[in-house]
Structures are given as C-alpha cells and as structure tokens.
Amino acid sequence: MLALGVLGSGRGSNCRALLESIRRGQLAAEVKVVISDVVGAPILEIAREFGVPHLYLTPGKFRSRLEPAAEAQLVRVLQDAGVELVVLAGWMRIVKQEILQAFPRRIINIHPSLLPKFPGLAAWQQALQANEKHAGATVHFVDEQIDHGAIIAQREVPILPGDSAESLHARIQKAEHALYPAAIRQLIEEGAI
Ligand code: GRF
C-alpha cells in the first residue's frame, strides 16, 4: 500500500476522486493525511467524510509560499505520517527546496492543461483564448518551477464549439478525476515509487 499525503487549498474534487478510487479497490494506496493552508477548505471536509486525518497548516505571512516554520511543520507532519508520495491537489503555494529535498522525486501535481502548454492560473481559459482545438490535464513530478517537471501522464479533451470557460473547465476536471488515480497506479506498476 503506497502511503499518500494530499495537499490542497480548495474544493478537493481530485482528492475525492483518489479516495473513491482507493475505496473501490482500484488504487493500492492509502491517504495518510490531508493538509490544507486554507481554513475550512472543502478538501478538509472531504478528508473528514472519508475518515482520513486532516490538518489546517497556518501558512504564515506570505501569499504564494509557506513561511519557513510552516514548511518545516509540513515536512514533519508528512514524515510522521509515513507518507511516501506527496500529492498536490489544488495546492496554491510554491513548493520550495526544503520540501523538495525531503521528498526527492516523490511529489506530484495535477495541472489543467497539456503541459508544457499553459502553465499558471486558469489554464483552460488560456487554451480557449489561444483558439486551441484540444485541452487536457497533466500529472507531473514537481520541481522548483511552477507547473514544470517530468511529465508522468496526460489526458486530452476536445474544445467544442460554443465552449465557455466553465464548460471546458468541467470537462477537464472530469478527465483529471480519472487521470490522477491512473497516473499513481502507473507509477506503482512501473516501480517508479
Ligand atoms: C485542479 O483543476 C488542478 O488541476 C489544479 O487545481 C484544481 C484543483 O481542483 N491544480 P480540486 O480542488 O481538486 O477540485
């Protein structure tokens, strides 16, 4: 059983998809802890619903990264829980060296575009504005750059005539919910983790 630690700042639909996949016996993993930097984030409620230990981590005074003390606490909590793979699921802060070094090649992220196209915020909107025919989602290892790092798996979705940002985002999220468990399964099967 691969021990996962999930980090998220928001809705937590990918975290739910992972927990459901595990519950259905489709992913040989266990979520040991869910951590959020946002008080009352829905992802924490999802963890509670599934009986998974969860924690609000006080991020400190910076907007886009954790304070060093919070970083140290994050690493400690993940290590104490025996986490083998750190799974970012809507985590909105930069992952800095201290965390990367504690979990080398063991932190993954999901991003709503076909990377390397459209890193950054509202990637589906960027794809729409660029008149792309396809959008999608990418699971990748995390490195010190945002939405960057070796690609593990991707799933493409069409951009349909008349798509709005909302309809396209919903299609991508549906693809993400299948892609994230599949990508972790792939890593396990490849012996990559
Ligand atoms: C996902 O679309 C993911 O690609 C991005 O943040 C979003 C998180 O959604 N990194 P949720 O919190 O899992 O619903």
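Helices (H or I, at least four residues) and strands (E, at least two) are taken here as DSSP runs, numbered from the N terminus. The structure is a predicted model, in which local features need pLDDT of at least 70, side-chain atom pairs count only at pLDDT 80 or more, and totals for chains, interfaces and linings use all residues. Residues are numbered from 1 along each chain as its sequence is written, and side-chain values use heavy atoms, with hydrogens and water left out.

On this basis the protein chain comprises 6 helices and 7 strands. Read from the N terminus, its elements follow the order β-α-β-α-β-α-β-α-β-α-β-β-α. The radius of gyration (taken over C-alpha atoms) is 16 Å, close to the 16 Å that the globule rule (2.2 Å times the number of residues to the power 0.38) gives for 193 residues; the chain is therefore as compact as a globular protein of that length. Along the principal axes, the C-alpha atoms fill a box of roughly 50 × 40 × 30 Å.

The ligand sits in the largest pocket. A pocket is defined on a 1 Å grid over the protein atoms alone, as an open set of points where a 1.4 Å probe fits, with protein on both sides within 12 Å along at least five of seven lines; a molecule sits in it if more than half of its atoms lie within 2 Å of its grid points. Two or more residues of the shell around the ligand are contributed by each of α1 (13–23), β5 (107–111) and α6 (165–190). The residues around the ligand (a heavy atom within 4 Å) are R11, G12, S13, N14, G90, I110, H111, P112, Q173 and E176. By class, this shell has 2 nonpolar, 6 polar and 2 charged residues, with Gly counted among the polar ones and Pro among the nonpolar ones.

Of the 360 Å² of accessible area that the ligand has on its own, the protein covers 86% (Shrake-Rupley method, 1.4 Å probe).

Backbone geometry was also examined. Most residues other than glycine have a negative phi, and most peptide bonds are trans. The peptide bond from L115 to P116, however, is cis, with omega near 10°. P116 is found in the loop between β5 and α5 (123–129). F118, located in the loop between β5 and α5, has a positive phi of about 55° although it is not a glycine.

Terms used. On a 1 Å grid over the protein atoms alone, a cavity is a set of points where a 1.4 Å probe fits but cannot get out, and a pocket is an open set with protein on both sides within 12 Å along at least five of seven lines; lining residues have an atom within 4 Å of a point.
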